[in-house]
Amino acid sequence: MHDQIVLRTTFRALALAIVLSVSTISSQAQQAPPPPTAPASTLGPPTRADLLRGQYGRYRANNDLLFYHLDIRVDPEKKSIAGKNTIRFRMLADDTRIQLDLAANLHVDRILLGSTPLKYERDLGTVYVDFPSTLRNGREYTIDFHYSGQPEEQGRFGGMAFRKDAAGNHWITTACEDEGASVWWPNKDQWRDEVERMQISVAIPSTLVDVSNGRFMGKTDLGDGYTRWDWLVQYPINNYNVALNIGRYEHFSDKLGDLPLDFYVLPANMEKAKKQFAQAKPMLEAFRSYFGEYPFEKDGFKLIEVPYAGMEHQSAVAYGNGFVNGYLDRDWTGIGISLKFDFIIVHESGHEWFGNAVSAADVSDMWIHEGWTTYLESLYVEKLFGHDEAIRYVNSYKPKVQNREPIITQRGIHRQPQQDMYFKGTLFLNTLRSVVDDDSVWWALVRDFYQQFKYQNIMTEDVVRFFNARLKRDLTPIFDQYLRRAALPTLQLAFNEAGSMAYKWKAEERAFAMPVRIGRPDNWTTIEPTTDWKVMPMQLSKEQVEVATDLYYITVEKQ
Ligand SMILES: [Zn+2]
């Protein structure tokens, strides 16, 4: 996903003052190494709904999703939806109840195990389903969850939105990463457990087209003015990625090797789309060269025009960038590079590798989606325009960073982390590349990281463990300082006496130790500061010593 972000300068100045005073207090209190937990949150209290959706409790953990068949009818005139989700799951413990989700404003018509109606209990968006006898550990079960109602349009991208295009035709789309897929269909609405495969059947008036995720299996005229469109998703998929795109779409296609590329746009935009969507190929080729094959080959790759900015719906990327480069025709990073490519094609498709193939298991660790995908933008720039432009691109994100809250938020609360997960996340990864300080090692590392975790849902601990093991170094304090602390590490350089310089890191992580390049840009010296003072000979003056702050995202204090 990508949000449009507006920074307010006064807010940032205030936040900076708060961050500075907090870091002073905590550095005085650093006697023993602190636990790898975030400092106290300044975010507001969670709502009960945040907890119900965010916690992975007994009735979610007792089962593993295997298959969904979402089979629905959408009535554009009534702005309503009706149908069922057939849910197949394997029990991981003996139990008599499971926890599913459906927005409180939608109606549960009935829930069946075979022909047996099941009892259920609703609590806000949660639906607890009760079974008449114990479900056994290891056994598979299938239930049919019938529902109906009028989904409520909500959130930045609409949740489920019933709109009209400029020609007055129905244009109905879904985008619900934050709100949750349960705003329009019943499912186990959390991040940890992705369903393995899914069928999506959508009946709509026969003049319209539905584009959903996965491979198009065919359409069936239902004889009552409606046609059912069938799609098959052949990989694990996050609930929020499941999408309807219903409109008067026209279709054109292409291929990249064996990979089918399918494009769906409104008729008026056909010519513009044919030109702009040519960027899909260099994008796919770039990411493939870094990480390996496009992860959803059997499902194909699709770009679909939508009335909002864009969203990474798996194998069916939503596109609303107006067929122009930059981000909504703006030089998004302000240094002339953004206008060289279509931001939405590159960013949202980058999520196919990070977000959709490698997924976070909790929204708290969403930087695994957004920090990595924003970094992928810079890798695209590097592939097409070279290393120096990529470094410029990464650093152009600095003004968007706030350093107000840690990137990783409290677990078990469904709440999207703040925007630093994008920009500070990518600046952190660029820093990590400099710490590795060997591009051949770095490229192999990020590729293997992706290959190790594709089609899995992971937490930051998995990332750190992998990097530490591969590099045979303990980078944990570096990850913790950037991801679990609000403030940046500060490199303190003290020029007390002629011919020598003292240096150390000021960081909340007591064990923070990170090499950094200082001196002259044409002849950097790599030093290894820790949070204790070290002294080295220094022939350069305080004014002459520079720090490679485009390679390491840090602040510098000279005294
Ligand atoms: Zn994104």
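## Exercise 1: two strands side by side

Strand S23 (residues 490-494) and S29 run parallel, joined by four bridges. Before going on, some ground rules: this is a predicted model, where local features need pLDDT of at least 70, side-chain atom pairs count only at pLDDT 80 or more, and totals for chains, interfaces and linings use all residues. Residues are numbered from 1 along each chain as its sequence is written, and side-chain values use heavy atoms, with hydrogens and water left out.

Task: which residue of S29 is the bridge partner of Leu-493? And in what order do the strands of the open sheet lie?

Solution, step by step:
- Strands and helices are DSSP runs numbered from the N terminus (strands E, at least two residues; helices H or I, at least four).
- Two strands count as paired if DSSP finds at least two bridges between them.
- Leu-493 has Lys-558 in S29 as its bridge partner.
- Now zoom out: the open sheet has four strands in the order S27-S24-S23-S29, and the pairing is mixed.
- S27 (534-537) and S29 (555-558) sit at the edges with a single partner strand each, so one side of each has no neighbour in the sheet.

## Exercise 2: a hairpin

Task: how many bridges pair strand S6 with strand S7, and in which sense?

Solution, step by step:
- S6 (residues 119-123) and S7 (residues 126-135) pair over five bridges, in the antiparallel sense.
- Opposite Lys-119 you'll find Asp-130 in S7.
- Two residues lie between the strands of this hairpin, and Leu-124 takes a positive phi near 55°.

## Exercise 3: two helices crossing

Task: at roughly what angle do the axes of H7 and H9 cross?

Solution, step by step:
- Axes are lines fitted to C-alpha atoms, for helices over the stretch in contact, with angles running from 0 to 180 degrees between N-to-C directions.
- The axes of H7 (residues 367-385) and H9 (residues 420-436) come within 7 Å and cross at roughly 60°.
- That makes H7 oblique to H9 (under 35 degrees is roughly parallel, over 145 roughly antiparallel, 65 to 115 roughly perpendicular, and the rest oblique).

## Exercise 4: a salt bridge

Task: which parts does the pair Arg-60 and Asp-101 tie together?

Solution, step by step:
- A salt bridge puts a side-chain nitrogen of Lys or Arg within 4 Å of a carboxyl oxygen of Asp or Glu.
- The Arg-60 and Asp-101 side chains meet in one, at 3.1 Å, N to O.
- Arg-60 lies in helix H3 (residues 58-61) and Asp-101 in strand S3 (residues 95-101), so the pair ties together parts 41 residues apart in sequence.
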